[in-house]
Amino acid sequence: MARRWVVEGTNVHLRHLAAGATASVVARSILAPLERVKVELQLNKIAGSALSTARRVVSKEGFQGLWKGNALNLLRTAPYRSINYFTYDNTKAAIVKMSGKNELSNGQRLVCGATAGAVAIICCFPLDVLRTRMLTKGGEHLYKRGVASAFSQIVKEQGFMGLYAGITPALVSVAPSNAVFYTVYDILRSSHGRHHHSLRFLGGNRPKPAQDAAMEKSQKSSRVVKRANRSKAEDGGETVAKGN
C-alpha cells in the first residue's frame with residue numbers, strides 16, 4: 001500500500017529527486033571511511049599507506065572518526081545526485097517530445113548527460129568548496145563553527161565568487177564524463193529493453209496458463225463477432241437483391 005502511494009500519489013519529479021538523494025546517501029555512507037582516508041592522504045599530506053592512515057584515524061578519534069565529515073559530504077553529494085538525475089530525465093523528455101521520436105540519438109544522449117552534469121555542478125559547487133575548506137588541514141576552525149558560519153566567512157573574505165573558486169576545471173571534467181556515463185547507460189538500457197521484447201516475442205517469456213486461457217477466450221469471442229457481422233452483411237445483400 002505504501003509503495004503504491006509513493007508511486008501513484010506523488011509527483012514524478014519529486015520521485016526522481018528523492019531516488020537520486022536516497023541512492024547517494026546510502027552509497028556515500030557506506031564508502032565514507034574510504035573518503036576520509038583519501039582526504040587525509042591528499043589534502044593533509046599524511047605519510048603512509050591507506051591502511052596505516054585508517055589505523056591512525058581510529059587510534060586518535062575512535063572508529064567513528066572514519067565517518068568524520070560524512071554529514072558534510074552528504075550535504076554536497078545528495079543534492080548533486082538528485083539534480084543530476086532530475087536534469088537528465090527532464091532534458092531527455094524535452095528532446096524526445098520535440099523530436100517526436102521514442103529514442104534519443106547518441107549525440108542527443110551526450111547533450112543530455114553533459115547538461116545534467118553542468119547544471120548539477122553549478123548548483124552544488126559552493127557546497128564542494130565549503131567541504132574542501134572545512135576538511136583541509138588548517139580548516140578545523142571552520143569545521144567547528146558550522147556550515148552557515150563557514151559560508152559567511154568565505155563570502156566575507158573572498159566575495160560571493162569565492163564559493164565558485166575552481167569551477168571551470170570542474171565543469172571541463174564533469175560535463176564530458178557525465179555525458180559518456182549517461183550515454184553508455186542509456187544505450188545499454190535501450191538494448192536490454194529491445195532484447196527483452198524479442199525474447200517475449202520468440203517465446204522466451206511465455207504467458208502463464210491463466211493468461212493463455214484468457215487470450216484464447218478473447219480470440220474466440222472476436223471470431224464469433226466477425227462471423228456474426230459477416231452473416232448480417234450477407235443477409236442484407238440478399239434482401240437488396242430480392243427487392244430489385
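A search of the whole structure, which is a predicted model, finds one cavity of 30 Å³ or more. Here a cavity is a set of points on a 1 Å grid over the protein atoms alone where a 1.4 Å probe fits but cannot get out. The volume of the largest cavity is about 70 Å³, volume being the space filled by probe spheres set on the points. Ten residues line this cavity, and those closest to its centre are Glu35, Arg36, Lys68, Gly69 and Asn70; a lining residue has an atom within 4 Å of a point.

At least two lining residues come from each of helix H2 (12-42), helix H4 (70-99) and helix H5 (106-135), helices being DSSP runs (H or I, at least four residues) numbered from the N terminus. H2 gives the most, with four residues. By class, the lining holds three nonpolar, three polar and four charged residues; Asp, Glu, Lys and Arg count as charged, Ala, Val, Leu, Ile, Met, Phe, Trp, Tyr, Cys and Pro as nonpolar, and the others, Gly among them, as polar.

Side chains of opposite charge can pair when their charged atoms come close. With a salt bridge defined as a side-chain nitrogen of Lys or Arg within 4 Å of a carboxyl oxygen of Asp or Glu, the count comes to nine.

| Salt bridge | Closest N and O atoms |
|---|---|
| Lys38 and Glu35 | 3.5 Å |
| Arg36 and Glu61 | 2.9 Å |

Lys38 and Glu35 both lie in helix H2, three residues apart, about one turn of the helix. Glu35 is buried at 13% relative accessibility, whereas Lys38 is partly exposed at 37%; buried means under 20% relative accessible area, exposed over 50%, and partly exposed in between (1.4 Å probe, protein chains only).

Arg36 forms its salt bridge with Glu61. Because Arg36 lies in helix H2 and Glu61 in helix H3 (residues 50-61), this pair ties together parts that are 25 residues apart in sequence. Arg36 is buried, at 7%, and Glu61 is partly exposed, at 30%.

Arg76 belongs to helix H4 and Asp128 to helix H5, so the pair ties together parts that are 52 residues apart in sequence. Arg76 is buried at 16%, while Asp128 is partly exposed at 22%.

Residues are numbered from 1 along each chain as its sequence is written, and side-chain values use heavy atoms, with hydrogens and water left out.

Definitions and conventions: Predicted model: local features only at pLDDT ≥ 70, side-chain atom pairs only at ≥ 80, totals over all residues. 1 Å grid on protein atoms, 1.4 Å probe; cavity = no way out; pocket = protein on both sides within 12 Å on 5 of 7 lines; lining within 4 Å.
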